[in-house]
Every structure is written in structure tokens, then in C-alpha cells.
Amino acid sequence: MGIVAGLDSSAEFTRIVVCDADTGAVLRQGYAPHPGEPKAADVDPQSWLLSLGEAAAGGLLEGVQAIGVSAQQHGLVPLDAQGGLVRAAMVGNDRRAQVAAADLVEAFGGRQAWADAVGSVPQAGLPVAKLRWLARTEPENARRVAMIMQPHDWLVWQLLGRPLRRTTDRGAASATGYWSAATGSYRPDLVDLALGHQAVLPEVLGPAEAAGTTPEGLLISAGTGETMAAAFGLGVATGDAVVSLGASGSVMAVHHQALADPHGMITSFADATGMHLPVVHTSNAVRALRGSAEMLGVDSLEELSALALKSTPGASGLVLLPYLEGERTPRLPHTAGTLSGLRRESMKPEHLARAAFEGMLCSLADAMDVLRGRGVEVRRVFLLGAAAELPAVQALAPAVFGAQVVVPQPADYTALGAARQAAWALGVARGTLSPSAPPAWQGAAAQVFEPGEELPVGQAVRQQYAATRDQIHPGAFGS
């Protein structure tokens with residue numbers, strides 16, 4: 001069918017993959033960091049275009065017929081009536097709007113009201129909270145805001161030559177805090193509540209729709225947010241969950257409907273295929289491993305993993321509740337971690353190492369159970385992040401999660417998902433693909449681990465963890 005490209009514009013770099021549109025085989029790749037300070041909260045969006053140009057240098061896009069764009073979620077690009085920047089873009093991981101988010105929750109009538117309206121409760125990162133922060137902190141700038149975009153929307157608009165039509169997709173829109181995945185519509189009243197007045201919002205495209213075509217004939221697909229693009233690149237489907245192991249953690253799964261959660265533990269995203277992608281976040285994951293490694297004086301997580309495997313399931317009764325930075329799931333923002341079950345026989349380095357891995361995985365299993373408790377089916381778990389390669393994680397995770405565990409080989413699944421979307425839009429435009437069925441690209445190469453005979457052991461580890469959790473934090477999950 002042709003050649004397509006996928007663009008991943010993250011918070012710190014641009015990565016491009018060029019793929020065969022029929023098979024998904026990667027033909028060539030490009031990479032460039034964004035210029036400027038990597039951790040800055042305010043960013044000139046032109047830096048995204050500069051790194052895009054550098055990543056595409058050397059004829060990388062020669063022969064490409066369609067491009068998909070994914071970018072960091074939750075960023076805010078505020079524009080005036082002429083399409084010019086009102087101020088620098090606010091990036092997705094900007095935490096300045098914490099007070100503004102809490103203010104919005106109260107102003108709209110509480111967490112239940114927000115969950116019912118848009119499927120999520122405002123957090124500091126969401127664009128709706130950034131708008132409230134802007135209105136309270138920079139009122140003159142806020143008054144000039146006439147149009148609102150996210151990074152992916154803005155990049156698509158720039159690639160198309162800044163047309164009058166401005167677009168987004170349902171995945172990115174669901175991460176704003178003012179679009180409902182359940183109803184498929186904006187809530188302009190929430191924009192008004194946050195910003196103090198209405199603003200023009202991008203048209204929300206369907207998964208296989210094109211945003212437009214450049215004068216040179218290059219088709220630009222709808223694009224999407226990085227979470228949705230990664231899920232699409234991995235090829236996850238109903239029955240699959242994705243567990244991301246970073247300093248913090250997340251569990252997301254494909255589901256047939258949006259889930260409203262008044263406790264705010266579930267964020268109800270839409271995915272890039274027309275389905276839904278409920279996500280549950282934890283504040284702590286690999287940071288519990290790193291902290292334990294430092295406490296034990298070992299130099300690496302690989303050493304910690306080897307030490308943990310010298311212990312036995314249940315870590316001789318030692319339990320680590322890894323709530324080191326407070327916790328989002330369960331909602332315990334001001335708590336601390338707990339090490340429980342200390343006895344003379346359990347006070348050995350290998351038991352603490354084992355408790356760290358079991359605690360991290362049990363905490364993520366708790367997050368997974370929030371989804372399962374709402375009817376989300378989980379038969380297979382994709383593990384992402386460098387820590388997924390650790391032998392202790394691979395040995396423990398299938399039994400703790402109670403499911404088959406898949407560890408994909410490292411790749412930029414976000415860019416691959418964007419490229420797959422481009423192939424879909426190109427096929428639909430040419431009449432060779434259906435709008436209801438994306439191209440069937442080959443799945444990610446991966447290692448597969450089964451719980452097997454260890455399943456009862458995993459259940460016992462979880463029971464020990466849950467007993468400790470419920471004793472120290474009774475009612476944390478409403479039990």
C-alpha cells in the first residue's frame with residue numbers, strides 16, 4: 001500500500017519511525033532532542049518543530065505518503081484570536097496547578113460531579129486545571145486566550161499550514177478535563193468555569209479520519225496522545241492490560257465503555273480505535289525499588305533483583321507498603337510507606353529486597369483490581385519500562401497479577417502507534433481499509449511468562465499484603 005511515518009513528540013525529544021504501511025515493518029528511524037531546558041515547565045512550541053525537522057533530516061521522509069502525530073498529553077497551547085501564542089506552552093508534567101485543580105473540584109460540586117461530567121477528576125496536569133491556574137495567576141493572558149490546543153493538535157495544525165480547520169482526536173480530547181469519552185462531546189461550561197470565558201476548541205475526529213492533506217499531497221491522520229498511541233502500537237485489545245513501570249506506575253486496559261469513578265482513581269480516556277482506555281495511576285513503583293536498593297547498599301536494581309530471588313515468597317513475613325510519596329491508588333496523598341512484619345528471622349537483606357518487589361507488584365495489582373472491579377477483563381498483561389526486564393519482576397509478576405505477562409522488546413511503541421494510525425487513514429482514503437478495522441500489523445516481539453503452578457503462591461502473597469494494608473489503612477479501598 002505504501003510507506004507511512006509515525007511521529008512521537010515527547011516532553012524531551014522527537015522520534016520518527018518510517019514503516020511499511022501493510023506490515024508495519026520499520027524501514028528507518030530518526031531522533032532529535034528538543035532544544036532548550038529539558039525540564040522546563042514553560043516551553044516555546046517552536047522547539048517541537050525544530051526537533052521534528054532535525055529528526056527528519058537526511059531524507060528520512062522520502063517516499064512517505066501519510067504521517068501520524070502523537071505527542072505529550074496534558075500540555076496546553078493557549079492561542080489568541082489570530083492563532084498566535086498568548087504565552088509559552090505549559091507542558092504535561094507541570095505541577096503548578098495543584099491548588100487550581102482542587103479549586104475546580106469544589107467549584108463544580110465535588111468529585112462525583114466531575115466523574116459524571118467527563119470521566120475524570122481534575123488533577124494538576126490536566127489542561128482544565130492549567131486554564132484555571134492561568135485565570136488566577138496570569139489574568140491578562142487568560143483574557144487573551146481565544147483558542148485552546150494540546151501539543152499534538154498544534155503540531156498537526158502546523159504541518160497542515162495552519163488551516164482554518166483545527167482538529168484533535170478523541171484520545172487526546174479525553175485527556176483535557178473538558179471532553180467526555182462517555183458522550184463524545186465537549187463540556188464548554190467547564191472551559192468557562194476554568195478560564196472565565198469560552199474559547200474555540202478543536203474538532204474531534206474519528207480514529208480513521210484524516211486531519212487533512214498538505215499541498216504536496218502528504219496525508220496527515222488525526223493523531224492522538226502518547227498513551228493512546230503506545231497502546232495502539234502495542235496492539236492491545238479487549239482482555240489486555242498495560243502496566244507501566246516508571247518511578248510511578250500506571251495500569252490501563254481496553255474496555256468497551258467509559259468508566260466514571262467518583263473516587264478519582266480511574267481516569268476515563270478514549271483510545272485510538274474507538275474503544276475506551278481506563279487508566280489507574282499509582283504514585284510509587286520503581287522508586288520503591290530504588291529506595292530499597294539504597295537502604296541495602298546495593299549499586300543497581302539488577303543486584304536488588306538477584307538478592308530478592310534468594311528469598312522465598314512472602315519474604316519471611318516482611319511486607320512493604322510502597323506509599324513513599326503518598327499514594328493515588330488507594331487515595332492516601334499524605335501517607336508514608338510502611339515496612340511491617342519485622343522479626344529476627346526476617347531481618348535479612350534478601351527478605352527486604354523481596355518485599356520491595358512484592359510490594360510494588362501488589363500495589364499495581366491493587367490498581368488492576370480497581371479496573372477488574374468495574375467489569376474490565378484482564379487476561380494478559382503487557383509490562384513496560386526498564387524494570388520489566390528484571391528477573392525478579394518477571395518471576396513474580398504473573399502469579400501476583402494472576403494473568404499471562406508479556407514483556408515486549410524495547411521499541412518506540414508511541415511512534416509505531418502513530419504510524420499505524422497513518423496507515424489506517426491512508427487505507428480508508430484509498431478505499432482499501434475499513435474505518436472500523438485498523439491495519440493488522442504484526443504484534444510486538446516479546447517474552448511471555450505464565451503464572452502456571454505459582455498462581456496459589458501469588459494469591460497468598462497478595463493476601464499477606466492486603467491484610468497489612470487493611471490493618472494500617474482500614475477502608476482505603478472501601479472495604
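**Figure 1. Aspartate 42 and arginine 96 form a salt bridge in this predicted model.** The closest N and O atoms of the two residues are 2.7 Å apart; a salt bridge is counted when a side-chain nitrogen of Lys or Arg lies within 4 Å of a carboxyl oxygen of Asp or Glu. Side chains of opposite charge can pair when their charged atoms come close. Aspartate 42 belongs to strand β4 (residues 42-43) and arginine 96 to the loop between β7 (89-90) and α2 (98-107), so the pair ties together parts that are 54 residues apart in sequence. Helices (H or I, at least four residues) and strands (E, at least two) are DSSP runs, numbered from the N terminus. Aspartate 42 is partly exposed, at 32% relative accessibility, and arginine 96 is partly exposed at 32%. Buried means under 20% relative accessible area, exposed means over 50%, and partly exposed lies in between (1.4 Å probe, protein chains only).

Residues are numbered from 1 along each chain as its sequence is written, and side-chain values use heavy atoms, with hydrogens and water left out. Because the model is predicted, local features need pLDDT of at least 70 and side-chain atom pairs count only at pLDDT 80 or more, while totals for chains, interfaces and linings use all residues.

**Figure 2. Arginine 96 also forms a salt bridge with aspartate 94 and lies over the face of tryptophan 133.** In the salt bridge with aspartate 94, the closest N and O atoms are 2.7 Å apart. Aspartate 94 is buried, at 5% relative accessibility. Arginine 96 is placed 4.6 Å from the ring centre of tryptophan 133. A charge sits over a ring if NZ of Lys or CZ of Arg is within 6 Å of the ring centre and within 35 degrees of the ring normal. Another such case is arginine 15, whose charged end is over the ring of phenylalanine 13, 4.9 Å from its centre.

**Figure 3. Aspartate 240 and arginine 380 are joined by a salt bridge.** Their closest N and O atoms are 2.8 Å apart. The pair links distant parts of the chain, with aspartate 240 in strand β16 (residues 239-245) and arginine 380 in strand β22 (residues 378-384), 140 residues apart. Aspartate 240 is buried, with a relative accessible area of 5%, whereas arginine 380 is partly exposed at 29%. The structure has 20 salt bridges by the stated rule. Elsewhere, a network of salt bridges links Asp366, Asp369, Arg372, Arg462, Arg469 and Asp470.

**Figure 4. Tryptophan 48 and tryptophan 154 form an edge-to-face pair.** The structure holds five aromatic pairs. The ring centres of tryptophan 48 and tryptophan 154 are 5.9 Å apart and the planes stand at 80 degrees, so the pair is edge-to-face. Rings of Phe, Tyr and Trp (its six-membered ring) pair if their centres lie within 6.5 Å; planes under 30 degrees apart count as stacked, over 60 as edge-to-face and the rest as tilted. Tryptophan 48 lies in helix α1 (residues 46-55) and tryptophan 154 in helix α6 (residues 151-159), so the pair ties together parts that are 106 residues apart in sequence. Tryptophan 48 is buried, at 2% relative accessible area, and tryptophan 154 is buried, at 3%.

**Figure 5. Threonine 167 is a buried residue in strand β9 (residues 167-169).** Its relative accessible area is 5%. Leaving aside neighbours within four places in sequence, threonine 167 is in contact with Asp153, Val156, Pro202, Glu203, Leu205 and Ala211, where contact means heavy atoms within 4.5 Å.
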